[in-house]
Amino acid sequence: MANHTQQTENSALPMLIGTNSRRLAQQFAREQPNRQKAEQVYFNTLAVCVVRNYLEWMGIATQLNAGDSWNPIARLASDVADLQVTGLGILECRPIRENQQICRIPPEVWGDRIGYVVVQIEDSLKAANILGFIHSIDRPDIPLSQLQPVETLLTTLSGLRRQNLVNLSQWCQGIFGETWQDLGSIFSTPNLAYNFRTSPPDRQAEIERGKLIDLQMQLGSQMVVLLVALTPEFDTMAVRVRLYPPDGEIYLPPNLRLALLSDQADTLQEVRSRRHDNYIQLPRFTGETGERFSIQVALENAMIIENFAI
């Protein structure tokens, strides 16, 4: 086991910890009620920043402030070091100190994770080593010898991106995923906004499907309906995206965000709901075959991303 542990350390990826990351960790630590909790939050924050910087360097977009580790209440109540990877899910970034051979992963973060990254924080607090990755766990103490190389993390994320991609060209062939339904199946009662969404000629030309989305808020859930409508053209495809309230409700919650993201997770278009909006819509856009984009739906700290290819 000693040799395996040595191999893990030799394959570790060294990373610098910037001044901004240390300053942020200190800020979060000062908010805690005691020294033990402050130290926990400090190192958790550094680990998240290190993994985020690595993924950004590799061209993988993240939402740093979307996780519980960036929420003051969740930080105080739990031992969490999560990082939202755009469109793919949540990574847990667990810190260890120099000379530790075991990484403790608290049971409260065992679920709803696409994997766990172990980050060794050097005593100087100015550098770190990403030691490795593990897909899933079933006990709190993980020996470093069980970690897979950092490259496995990239392979896992790449595989998830392929699995989560919605191929819109297949919609033109009548092939839809199970979660994308006809709007009539989603709305069992008449929905005024949906019924008068377009003129009759547009309805006949479009191929449309909807998906019921659960924005899991900290104090409950918020359901919305995402509509994607396609209009095939000569060598492109026009796309229209809307959000509706769920069946039986009239209005969307205020400040609900609907955004179009590029393949590199840059925001291209964005709209937000106001009070008494019964739907919101992105400006109609077009794309060529093979082009990729994402749709982001967000409310407060809750966020869902759907990935598409034309």
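Guide: A cavity, on a 1 Å grid over the protein atoms alone, is a set of points where a 1.4 Å probe fits but cannot get out, and lining residues have an atom within 4 Å of a point. You are looking at a predicted model, where local features need pLDDT of at least 70 and side-chain atom pairs pLDDT 80 or more, while totals for chains, interfaces and linings use all residues. Residues count from 1 along each chain as its sequence is written, and side-chain values use heavy atoms, without hydrogens or water.

Searching the whole structure turns up 2 cavities of 30 Å³ or more. Around the largest one you will find Arg161, Leu165, Ser262, Asp263, Arg292, Phe293, Ser294, Asn307 and Phe308. Strand S17 (292–299) and strand S18 (302–309) each bring at least two residues to this lining; the biggest share, 3 residues, comes from S17. (Helices, H or I with at least four residues, and strands, E with at least two, are DSSP runs numbered from the N terminus.)

S17 and S18 belong to an open sheet of 5 strands, ordered S9-S18-S17-S13-S14, in which the pairing is mixed (two strands pair if DSSP finds at least two bridges between them). At the edges of this sheet stand strand S9 (165–167) and strand S14 (267–272); each has a single partner strand, so one side of each has no neighbour in the sheet.

Now go back to Arg161, one of the lining residues of the largest cavity. Helix H5 spans residues 150–163 and lies across S1, S3, S4, S6 and S7. Those strands lead us to another open sheet, this time with 6 strands in the order S1-S7-S6-S4-S3-S2 and again with mixed pairing. Its edges are taken by strand S1 (13–16) and strand S2 (62–63), and because each has a single partner strand, one side of each is left without a neighbour in the sheet.

Inside this sheet, strand S6 (residues 115–121) and strand S7 (residues 127–134) are antiparallel partners, paired over 6 bridges. In that pairing Ile121 stands opposite Ala128 in S7. Helix H3 packs on the sheet too, touching S1, S2, strand S3 (82–85), strand S4 (89–97), S6 and S7. H3 covers residues 35–57 and has 23 residues. Just beyond the end of H3, Gly59 takes a positive phi of about 80°.

One last stop is Ser78, in the loop between helix H4 (72–77) and S3. Setting aside neighbours within four places in sequence, Ser78 is in contact (heavy atoms within 4.5 Å) with Lys37, Gln40 and Glu108. Along the chain, Glu108 is 30 residues from Ser78, yet the two C-alpha atoms are separated by 7.5 Å.

Note on methods:
The expected span of a helix is 1.5 Å times one less than its number of residues. Axes are lines fitted to C-alpha atoms, for helices over the stretch in contact, and angles run from 0 to 180 degrees between N-to-C directions. On a 1 Å grid over the protein atoms alone, a cavity is a set of points where a 1.4 Å probe fits but cannot get out, and a pocket is an open set with protein on both sides within 12 Å along at least five of seven lines; lining residues have an atom within 4 Å of a point. Grid points are joined across faces, edges and corners, and a volume is the space filled by probe spheres set on the points.
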